[in-house]
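This report describes one protein chain, working from its overall make-up to selected residues. Please look over the sequence and the structure before reading on.

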Amino acid sequence: MSNETENSKKKSGLKSGFKIIGVHVLLIIGVGLLMLFGLSSWLDHYTHHGESVKVPNVIGQYADAAIDNIEQSGLHAMVIDSVYTEAVPRGAVIEQLPEGNLPVKYGRNVYLTVNAKSVRMIQMTDIYEFSSRQARSRLVEKGFIVDSIHYVPNEFDDLVLKTTLSGHPLDSDAMLAGEEFPWHTHVILHVGSTRLAIEEENESETEGTFFE
């Protein structure tokens with residue numbers, strides 16, 4: 001009987017030990033799950049997982065104000081480029097990426113392109129004796145605005161003889177190649193005309209006959 005009693009006690013002890021170990025294992029698993037849940041919740045809160053915000057439309061706003069608006073929305077603003085345009089005031093935002101009103105993840109970067117604060121200067125190109133069409137194309141490509149063409153008597157047709165500033169007297173000195181002017185300066189092309197040369201010659205001959 002003593003052996004049976006001892007065996008029974010051993011079996012009972014083993015069962016109790018297994019129960020205790022099982023409880024501990026369950027406790028460990030439970031604590032681990034709680035820790036994982038807590039960590040996941042903290043990460044979601046920290047990274048604003050699942051949250052989105054609308055990107056403020058800051059086109060036309062001055063750079064400092066645009067950056068403040070973007071930062072207050074929970075996004076990060078970065079000025080990545082500066083160009084020159086007359087579409088918006090100097091120092092204002094002319095382009096943003098992502099565009100305004102688009103939903104994006106909280107904390108995303110918004111890249112800004114800003115209008116240069118100083119006036120862009122451009123050089124007069126050499127267009128002497130170019131055709132009026134070629135000269136206009138080259139000037140517009142540079143950033144000038146050709147207001148009109150002024151024809152003058154010449155033995156060759158449609159060749160540019162000089163370029164002057166709009167609003168100045170037509171007999172003003174020519175704008176020389178290499179000289180710098182503000183972007184979108186308005187100019188006038190002085191172009192040769194054989195017809196005017198013939199008319200001028202005929203008038204001169206008529207006046208000479210009249211006074212003989």
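Helices (H or I, at least four residues) and strands (E, at least two) are taken here as DSSP runs, numbered from the N terminus. On that basis L33 lies in helix α1, which covers residues 2–47. The model is a predicted one, and local features are considered where pLDDT is at least 70.

## Overall make-up

The chain contains 4 helices and 10 strands, and their order along the sequence follows the pattern α-β-α-β-β-β-β-β-α-β-β-β-β-α. Of the 212 residues in the chain, 25% are buried. When contacts between residues at least 6 apart in sequence are considered, 71% of them join residues at least 24 apart.

The chain exposes about 14,800 Å², and carbon and sulfur atoms supply 56% of that area.

Which residues make the nonpolar surface patch of about 600 Å²? The patch is made by I21, V25, L26, I29, L33 and L36. One of these residues, L33, has a relative accessible area of 54%, and because the cut-off for an exposed residue is over 50%, L33 counts as exposed.

An α-helix has 3.6 residues a turn, so residues three or four places apart point the same way.

In helix α3 (132–142), the buried residues are S132, A135 and L139.

Just after α3, G143 takes a positive phi of about 120 degrees.

## Aromatic pairs

How many aromatic pairs does a search of the whole structure find? The search finds 2 aromatic pairs. In one of them, Y84 and W183 are arranged edge-to-face, with 5.3 Å from centre to centre and 90 degrees between the planes. This pair links distant parts of the chain, since Y84 is in the loop between β2 (76–83) and β3 (93–97) while W183 is in the loop between β9 (180–182) and β10, 99 residues apart. Y84 has a relative accessible area of 15% and is buried, and W183, at 17% relative accessibility, also counts as buried.

F144 and F181 form an aromatic pair whose ring centres are 6.2 Å apart and whose planes stand at 65 degrees; because planes over 60 degrees apart count as edge-to-face, the pair formed by F144 and F181 is edge-to-face. F144 lies in the loop between α3 and β7 (145–153), and F181 lies in strand β9, so the pair ties together parts that are 37 residues apart in sequence. Both F144 and F181 are buried.

Is S193, which has 7% relative accessibility, buried or exposed? Because a residue is buried when its relative accessible area is under 20%, S193 counts as buried at 7%. S193 belongs to strand β10, which comprises residues 186–193. If neighbours within four places in sequence are left aside, the residues in contact with S193 are Y151, V152, P153, N154, F156 and D157.

Note on methods. Residues are numbered from 1 along each chain as its sequence is written. This is a predicted model: local features need pLDDT of at least 70, side-chain atom pairs count only at pLDDT 80 or more; totals for chains, interfaces and linings use all residues. Side-chain values use heavy atoms; hydrogens and water are left out. Buried means under 20% relative accessible area, exposed over 50%, partly exposed in between (1.4 Å probe, protein chains only). Contact means heavy atoms within 4.5 Å. Rings of Phe, Tyr and Trp (its six-membered ring) pair if their centres lie within 6.5 Å; planes under 30 degrees apart count as stacked, over 60 as edge-to-face and the rest as tilted. Patches are made of residues with over 30% relative accessible area and no salt bridge: like charges are joined within 9 Å, nonpolar side chains (Val, Leu, Ile, Met, Phe, Trp, Tyr) within 5 Å. Accessible areas come from the Shrake-Rupley method with a 1.4 Å probe; for residues, only the protein chains shown count as cover. A salt bridge is a side-chain nitrogen of Lys or Arg within 4 Å of a carboxyl oxygen of Asp or Glu.
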